[in-house]
Amino acid sequence: MEIPLHYNANQVEQKWYDYWMNNDYFSSKPDDRTPYTIVIPPPNVTGILHMGHMLNNTIQDVLIRRARLQGKNACWVPGTDHASIATEAKVVAKLKAEGIDKNTLSRTEFLEHAWEWTHEYGGVILEQLKKLGCSCDWNRTKFTMDPDMSASVIKVFVDLYNKGLIYRGYRMVNWDPEAKTTLSEEEVEYVDQEGKLYYLNYKIEGSSDTLTIATTRPETILGDTAICINPNDERFIHLKGKKAIVPIFNRVIPIIEDAYVDMEFGTGCLKVTPAHDENDKTLGDKHQLEIIDIFNDDATLNSYGLHYEGKDRFEVRTLIVKELQSLDALLKIENHTNRVGISERTKAIIEPRLSDQWFLKMEDLAQPAMKAVMEDETVKLFPKRFNNTYKHWMENIRDWNISRQLLWGQQIPAFYYGDGEDDFVVAETIDNALELAKNKSGNLNLTKNDLKQDSDVLDTWFSSWLWPISVFDGINNPDNADINYYYPTNDLVTGPDILFFWVARMIVAGLEFKKEVPFKNVYLTGLVRDKQRRKMSKSLGNSPDALKLIEVFGADGVRVGLLLSSAAGNDLLFDESLCNQGKGFANKIWNAFRLLNGWDVADIQQPQSSKIAISWYQSKFQSALTEIEDNYGKFRLSDALMSIYKLIWDDFCSWLLEMIKPGYQQPIDSKTLADVKAIFEENLKILHPFMPFLTEEIWQLMETRTEEEALIVANYPIAKKFDAKLISDFETVKEVVSGIRAIRKEKNINIKNAIDVSVINNDSFSSDYHPVIEKLGNVTTITEVNAAPEGVLSFRVNSNEYFIPIAGTVNIDEEIEKLQAELTYTKGFLKSVQAKLSNERFVNNAPDAVIENERKKETDALAKIETITASLQNLK
C-alpha cells in the first residue's frame, strides 16, 4: 500500500469519524461490563464552539476513549440546555427583526417561534463537537426541554412542594431589567464601579431646619417613605418624632429611629426606600412603612416618577440631580466606589425589586451535599483547593429563587382558582390540579376553565440540576435498567465558575432523589486565557475561531495544543504555537511509521544491539505507563500527555528507531521489525485518547483490520513489572553516545568513518551495552584499558573515562593549542568564581540560590579543567 508522504488531517478525520459512527462504536447499552459514564455539561442551545468547550470536551473525550480501550462500557451522554434567558433573548431579537413585538404574541405563539429557532440552530454546537472527535453516544442526545426531561422537572417541583420545601413568597429579589426576569443570587456578578455620593437636603416639616442624607441613587428619593437616624446619635436628638419633606415630590415622611444606621457613614441619616433596597425593606417591615415601587419592569420610571415617567433610571439620575440643584436641595457630590450587581447573562445592572416569587428551601437540603464532599469524600473535587470554595458557598446558602418571568422553559405547575393569596394548588397535570382545587376550595363545580396556570417558568438550573438522573429517565422511571446501570456516573468535567450553580446543586438533587451522589469525581478545568492572561471573549476579539484552528492544525493538533497548555486545574494560557507543536508531533509519528513501513525485511539473525534496545524500550514503556496512569488518577491529563509525548518523540523516535535501523540499503531482520511494530502499536494505544484520528489512520494502515480490531476498541496496555536498572543503565548509554557524537561533531570526524573507543571502566559498567554504543557511535570496538592511551581526546560519564583516538583525523598541534587556550580561560573563570565565594560580604548577603549557582559554576569548572588536562596529557 502506498503511504502518503505527509499526514493530511483534513482528508483523514471525516473518514474515520464516519467509520466510527457507522460501526456504532460510541453507543452504549447496559451489559455485564463495568460501566464508565460521563454526562456532558450541556452547552446552551444558543451556543457555538468556543475555546472553553474545546478544552472541556477534549478532556472528556480523552477519559471516555481510555475507558473504552480498557474494556469498560463507555457511555458519554451529550445534550444541550434550553438556557431560558439567553434563548428567549435570541428569539425576541429575531422577532424584532421581523417586525414582531413579543408582547403581542400569546404564550403558545411565542413558543412556536422559540421551538422553530431551536430546531434550526440548536444542534450547531453538537455537530461542531464531532469535528473535534468527541465520541459521544449520539443516540442518547438529550435536551432539557425534551418531553421526558420536562416531565422530570415538573415531577420534582411537585414533590418538593408537597414536602414543604418549595414556597411562594413576596420578597426582595434581583431583577434583570433587560431580560425582565428575576435572578437568583448566584446569577449576579458583583463588581466595583466608580460612582458618586450625592448629599441631599430634606426640609423638616414645620420648621426652617434641614437634614442631610448621602445616597448613591438620588433617583430613588421618589420612593422614600422614611428617614432613619440612630437613637444613640446625639447630633439628631432634636429630630426625634418629627417629619421630613422629600424634595421634588414634597411627600411628608416620618423620621424613625433604629440602631441599624451606621453613624459613621455619610451623614448618619439614612433615607429608607423599602421597595428598592433589601435592608430598607427589612427596616420598612419593622417600622410598618409604606412601600412605593417607582420602577417598571424595564427600569423606566412609572407613574410614581411624576414628570420622569417613562424615562430610564440612569437618564433620570442625571435629570433629577439638575432639578435638585435648581431647588438648592443638593449640598455636594463626592466620588465614591460602589459595589454593583450585574446580571451574569445580560450584563444589565440589577435592580432590587419586591416581587411574588417561588423559592426552594436550601438549608436542610445542603447539609448532606456538604458532608458528601467535605467529610465522606464520596465526591472528590480536583484540584482539592476548590473544597474551600464549595464549603464557603454551602455554609452561606440561601433559599433558591427558582421562578423566572419568561415564556421559554418549564412552566411552573401551580394553578390558581381564586383571588385569595392561598387560592392555588400544585400538580403535575391540570386534571390532577382540578381535583386538588375542588377538594381545597370545597367548590365541586370548578372546571378546568376556572384554573389559571402560573405564567412564570422555572430557572434553567432547576432542570439541569437533575441532568445525571434525568438523562437516564431516573425521575419518571426510578428503577429502569439505564439508571440502575449507569448511575452514579464516574467523572464530571466542568468549569469552576459553575461549581455552585450546577455541581453543588446536582449533588443536592442526587442525594435527595436517588439517595446517592451523582458522580464520584469532579475535575474543574481552568479558564482559557490568552498569552496576556486575559479571559477569552468575543468583545476582546482574542478568542480564535475553534473550527478554523481544526482546519489549520487538525483536530489532533488542536487537542494536543490545548492539553499541553493546560496544567491541572489552572488557567490555560492558550497559544496557537502549541497547536502547531501538536501538528508537528503528528508529523513526527507519521514519519516514524513511514520509516518502519519502508524497510525491507529479511530472515536474518537479530543483532545484539537491537535485542538490547527492544528490551530497554519495553521497560521504558512500562515505566512511562505507570507514570501516565498515576497522572490519569490525579486528573493531570497534561502531564499524562507530556509523558507520552516524551516517550514517543525522544525514546521511540530519537533512540529506539536509531538503535534498530538497518544499514544503508540493508534489510532489517524480521524479529526486530515484528517487535518494533508491536511496540509501535502499544504507543498508538496510549496515544489514541489524545490523538484519535492520526492513531486510527496508522493502525489501519499497518495491516488489514476487521471492525472488531479497530484501534478505538483495542485492548489498552496492562501495566507489568519492568527492569528499572536497565532504564537507569541506558541513561549512561545515552551519555556515552552523546559524548562520542559531540567529539565527532567538534573535530569534524565523519559519522561514516568507524572509530575505536577505549574506556577506563571504574564503574564496572556492563559491556553488554557495548553493541548499542558501537551501533549509534559507529564504533568498531570498545576496549577496556587501565591507563589513558596516547593521541586521544577524552570525556567522562560518571566515573568512567572514554578515549577517542584522533591521530590522523585532526592536527595534533592545533588541537593542543586550542585546549591550552580553553584551559587558560577556564582557570581564569574559576579564579573569578572562587574570589566571589571567598568574599565574606558576598556569601553573607547574597540569596541562597545565587550562592548555590556560584558553587555549581566552581564544580563544573574544576571538572572541565580535569578533563582538558587529561586530554592534553593524552595528546602530548
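Reader: How many residues apart are Lys856 and Asp860, and in which helix?

Author: Lys856 and Asp860 are four residues apart in helix α26 (residues 848-875), so about one helical turn separates them. Helices here are DSSP runs (H or I, at least four residues), numbered from the N terminus. This is a predicted model: local features need pLDDT of at least 70 and side-chain atom pairs count only at pLDDT 80 or more, while totals for chains, interfaces and linings use all residues. Residues are numbered from 1 along each chain as its sequence is written, and side-chain values use heavy atoms, with hydrogens and water left out.

Reader: At what N to O distance do the side chains of Lys856 and Asp860 meet?

Author: They meet in a salt bridge at 3.0 Å, N to O; the term requires a side-chain nitrogen of Lys or Arg within 4 Å of a carboxyl oxygen of Asp or Glu.

Reader: And Arg65, buried or exposed?

Author: Arg65 is buried at 0% relative accessibility, and Asp61 is likewise buried at 0%. Buried means under 20% relative accessible area, exposed over 50%, and partly exposed in between (1.4 Å probe, protein chains only). The side chains of Arg65 and Asp61 form a salt bridge of 2.8 Å, N to O.

Reader: Changing topic, where is Asp675 found?

Author: Asp675 lies in helix α20 (residues 670-687) and is buried, at 18% relative accessible area.

Reader: Which residues does Asp675 touch, leaving out those up to four places away in sequence?

Author: Asp675 touches Gln606 and Ile614, contact being heavy atoms within 4.5 Å.

Key: Helices (H or I, at least four residues) and strands (E, at least two) are DSSP runs, numbered from the N terminus.
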